[in-house]
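These are my notebook entries on a structure that I went through place by place. I write down what I looked up and what I found.

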Amino acid sequence: MRLVRVGLHSQGEPLALMRTDCHVCRSEGLHARAKVEIATGGRRVTARLLQVEAGLLNPHEIGLSEDAWMRLGATEGAVATVRPAPPAASMSLVRHKLYGGALAQKDFTAILGDVQAGLLSDVQLATFLSAGAALPLDDEETTALTRAMVVVGDRLSWDAPRVMDKHCVGGLPGNRTTPIVVAIAAACGLVIPKTSSRAITSPAGTADTMETLAPVDLDLPAIRRVVEAEGGCIVWGGAVRLSPADDAFVRIEREIDIDAEGQLIASVLSKKVAAGSTHVVIDIPVGPTAKVRTAEAARGLATRLSLVGARLGLKVACLLTDGSQPVGRGIGPAPEARDVLAVLRGEPEAPLDLAERALALSAVLLETGGAAAPGTGADLARAVLSDGRAWAKFAAICEVQGGLRQPPEAAQIRAVTAHFAGQITAIDNRRLARLAKLAGAPGNPAAGLVLAVHVGDTVAKGQPLFHLHAASTGEIAYAIDYWTGAPAITVAG
């Protein structure tokens, strides 16, 4: 069959289009939603089949989505062979877990191999992830899954005795400390090749925010070039094959809105190991509406992160931080990027809470990495931020990554005000994140919201609580409807 690029975007899932009267469909008994294997030029891809009537394709043509086209490295009109994809043998292992069984290292290796080969459908991937959420992975399983996720991808290595990294487990809107921490660490001579994720269930991931400031979809040679030039980078991990199976998991987790602890640990640590890191500092925000609700749960997660990390040769330091309310003012890619720039540039209106959190994390990183003696990391981090060295390093990293740029501005901005005077007593992180997503974040990088208040502030009637940023008045109205039914900010009169 001849390949046709149909320009179909499928959010990571390779799709193939064939006519219902196609000779291959009839001879092989293929039906819509079946899995097919397409091969050409020595490369092959497994794709989900969609069937169309006459008109869009000729009988001897097969249309490919953008994801399938890029994975196959196809050329328009090339001849390809098409056959039913082999069944995913690892589904028996997924069912074993679903019914309460434990999985061993060889089991996870088999499952991840099928994930990497594209043999598991989205439904099957969701089954695997749901099983690990309903029947949590123990430490042995989590370690095995982490190892399997590393094995199926590429790995980086660096000519440095200590390679640093930083991560946040998420759940706290606006907590965009990574660009600041990387800039401080690199300015102090540490090696910190930071690969970051896009949003899973939040209004912005670090990669989404950073992409409004500089290109993040760098390949491995480009990442190495940036780090060798400036000591650090801030790139999207999905653009390279560092723990690539996790990209498939993230796409499904986003759809079903789950982020199980075992999967979270494997996702975080597999990427750190694959990136060549030796030491990592992990921020665990704790609060009633954060991802981690209690100090007890946070200590348990920290213990597991350290344990699994140690088994993989990674030294992990965890900080339990305040997750009772958002950090900074912006929520969404561009609003958060403007907060980052304000802190790095030392602007008078820069959010103090974002700066202080970044400094606390940097202090631990500097001491762990040997750039500062024990007890002196905080002073060094503050000096590097205040005297402009961090900003200069960040700007340099952005330039080598492809050029520093200004975050986009939203076409529509609407203030949401207090109905009466009083004091801000609570902010619901989850509801506020939902508001930013309804406004269009992270799909529209300019969308989200900008907070005007924090817990403890007093407000007058009619005073803005936050400003919604969106591309259209319809998205503004949709977000306000949600706010009316589920206010995210409590004002006590």
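Does Ala-418 count as buried or exposed, and at what relative accessibility? I found that Ala-418 counts as buried because its relative accessibility is 4%, where buried means under 20% relative accessible area, exposed means over 50% and partly exposed lies in between, with a 1.4 Å probe and protein chains only.

Before going on, I note that this is a predicted model, in which local features need pLDDT of at least 70 and side-chain atom pairs count only at pLDDT 80 or more, while totals for chains, interfaces and linings use all residues. Residues are numbered from 1 along each chain as its sequence is written, and side-chain values use heavy atoms, with hydrogens and water left out.

**Entry on Ala-418**

I located Ala-418 in the loop between strand S13 (412-417) and strand S14 (422-427); helices (H or I, at least four residues) and strands (E, at least two) are DSSP runs, numbered from the N terminus. Leaving aside neighbours within four places in sequence, I listed its contacts (heavy atoms within 4.5 Å) as Val-459, Ala-460, Lys-461, Gly-462, Gln-463 and Leu-465. I also looked up His-467, which is 49 residues from Ala-418 in sequence and 12 Å from Ala-418 in space, C-alpha to C-alpha.

**Entry on two other alanines**

I found Ala-47 in strand S4 (residues 43-52), and at 0% relative accessibility Ala-47 counts as buried. When neighbours within four places in sequence are left aside, the contacts of Ala-47 are Pro-14, Leu-15, Ala-16, Ala-34, Lys-35, Val-36 and Ile-38. Between Ala-47 and Leu-314 I noted 267 residues in sequence and 36 Å in space, C-alpha to C-alpha.

Ala-363 is in helix H14 (residues 352-368) and is buried, with a relative accessible area of 10%. Not counting residues up to four places away in sequence, Ala-363 touches Gly-377, Ala-378 and Ala-381.

**Entry on a pair of helices**

At what angle do helix H13 and helix H16 pack? I noted an angle of about 130 degrees for H13 (residues 333-345) and H16 (residues 389-401), with their axes 8 Å apart. Axes are lines fitted to C-alpha atoms, for helices over the stretch in contact, and angles run from 0 to 180 degrees between N-to-C directions. This angle makes H13 oblique to H16, since angles under 35 degrees count as roughly parallel, over 145 as roughly antiparallel, 65 to 115 as roughly perpendicular and the rest as oblique. On the H13 side the contact is made by Leu-341, Leu-344 and Arg-345, and on the H16 side by Ala-390, Trp-391 and Phe-394. By class, I recorded five nonpolar, no polar and one charged residues in this contact; Ala, Val, Leu, Ile, Met, Phe, Trp, Tyr, Cys and Pro count as nonpolar, Asp, Glu, Lys and Arg as charged, and the others, Gly among them, as polar.

**Entry on aromatic rings**

How many aromatic pairs does a search of the whole structure find? The search finds four, where rings of Phe, Tyr and Trp (its six-membered ring) pair if their centres lie within 6.5 Å, and planes under 30 degrees apart count as stacked, over 60 as edge-to-face and the rest as tilted. One of them is the tilted pair of Phe-128 and Phe-249, with 5.6 Å centre to centre and 35 degrees between the planes. This pair links distant parts of the chain, for Phe-128 is in helix H5 (residues 122-134) and Phe-249 in helix H10 (residues 245-256), 121 residues apart. Both Phe-128 and Phe-249 are buried, and ring pairs link Phe-108, Phe-128 and Phe-249 into a cluster.

I then looked for charges over rings (NZ of Lys or CZ of Arg within 6 Å of the ring centre and within 35 degrees of the ring normal). The charged end of Arg-198 sits over the ring of Trp-236, 4.4 Å from its centre, and that of Arg-224 sits over the ring of Trp-158, 4.7 Å from its centre.

**Entry on the backbone**

Most residues other than glycine have a negative phi, and most peptide bonds are trans. I noted that Arg-33, although not a glycine, has a positive phi of about 80 degrees, and at 43% relative accessibility Arg-33 counts as partly exposed. Asp-257 has a positive phi of about 55 degrees and, at 54% relative accessibility, counts as exposed. A cis peptide bond joins Ala-441 and Pro-442, with omega about -5 degrees, and Pro-442 lies in the loop between helix H17 (429-438) and strand S15 (448-451).
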